[in-house]
Amino acid sequence: MSDPLHIVCPHCQAVNRLPAARLEARPRCGRCRQPLFGGEPVNLDPNALARHAERGDLPLLVDFWAPWCGPCRIMAPAFARAAARLEPHMRLGKLDTERYPEEAARFGIRGVPTLVLLHRGRELGRVSGAMSAEQIETWARGALGRAV
Ligand SMILES: [Zn+2]
């Protein structure tokens, strides 16, 4: 038996312990009872980002975006489709760099949209510019594969 995975709830941010075999079984949060995977990106504030990145065992793909950014708005539906395809093996989240400029600066974000892939507190890769759902999925799987 492998150790259970730590899955951070996208709704209440409780850390759930889940056997890997149950990932695909539409698991629910032990605290708030909502689904642990909704097939859509999670809106992150800096605290939630840190919790998912450092307490969770799933790789976290963050879309650093801004409301004024045209390419970001164009990419939003593609990122949502990528979330539906990459869950439950990856968590996808969005951070609004206009609302949280300090967090964007902490990550050294120079332009939006920028995707950053994090795993257990470590950055595995980043890429800038609007992408299709297929490109996002391929890039994320590639970045993860190169890191392990
Ligand atoms: Zn919950």
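## Glu 137 and its partners

Leaving out neighbours within four places in sequence, Glu 137 is in contact with Arg 85 and Leu 86, where contact means heavy atoms within 4.5 Å. Its side chain also makes a polar contact with the side chain of Arg 85, at 2.6 Å. A polar contact here is a pair of N or O atoms within 3.5 Å; within protein, one must be able to donate a hydrogen and the other to accept it, and residues adjacent in sequence count only if both atoms are side-chain atoms. Glu 137 belongs to helix H4 (residues 133–147); helices (H or I, at least four residues) and strands (E, at least two) are DSSP runs, numbered from the N terminus. With a relative accessible area of 11%, Glu 137 is buried. The cut-offs are under 20% relative accessible area for buried, over 50% for exposed and partly exposed in between (1.4 Å probe, protein chains only).

A quick word on the ground rules: this is a predicted model, local features need pLDDT of at least 70, side-chain atom pairs count only at pLDDT 80 or more, and totals for chains, interfaces and linings use all residues. Residues are numbered from 1 along each chain as its sequence is written, and side-chain values use heavy atoms, with hydrogens and water left out.

## The sheet

Now for the strands. An open sheet is formed by 5 strands in the order E3-E5-E4-E6-E7, with mixed pairing; two strands pair if DSSP finds at least two bridges between them. Strand E3 (42–43) and strand E7 (122–128) are the edges, each pairing on one side only. E4 and E5 run parallel and are joined by 6 bridges.

Trp 65 stands opposite Asp 96 in E5. Over the ring of Trp 65 sits the charged end of Lys 94, 5.1 Å from the ring centre; the test is NZ of Lys or CZ of Arg within 6 Å of the ring centre and within 35 degrees of the ring normal.

## Helix H1

Which residues of helix H1 (residues 46–55) are buried? They are Ala 48, Leu 49, His 52 and Ala 53. These cover an arc of only 125 degrees around the axis, so they lie on the same side of H1; the arc is that of the directions from the helix axis to the C-beta atoms. Strand E1 (5–8), E4, strand E5 (91–96), H3 and E6 are among what covers them.

The face of H1 turned away from its buried side carries the exposed residues Asn 47 and Glu 54. At the start of H1, a side-chain oxygen of Asp 45 comes to within 3.1 Å of the backbone nitrogen of Asn 47.

## His 119

His 119, in strand E6, counts as buried at 16% relative accessibility. Not counting residues up to four places away in sequence, His 119 touches Ala 53, Asp 57, Leu 58, Pro 59 and Leu 124. A polar atom of its side chain lies 2.9 Å from the backbone oxygen of Asp 57.

Most residues other than glycine have a negative phi, and most peptide bonds are trans. Here, a cis peptide bond joins Glu 87 and Pro 88, with omega about 0 degrees, and the bond from Val 112 to Pro 113 is cis too, with omega near 0 degrees.

Arg 33 has a positive phi, near 70 degrees, and counts as exposed at 55% relative accessibility. Arg 120, in the loop between E6 and E7, has a positive phi of about 50 degrees.
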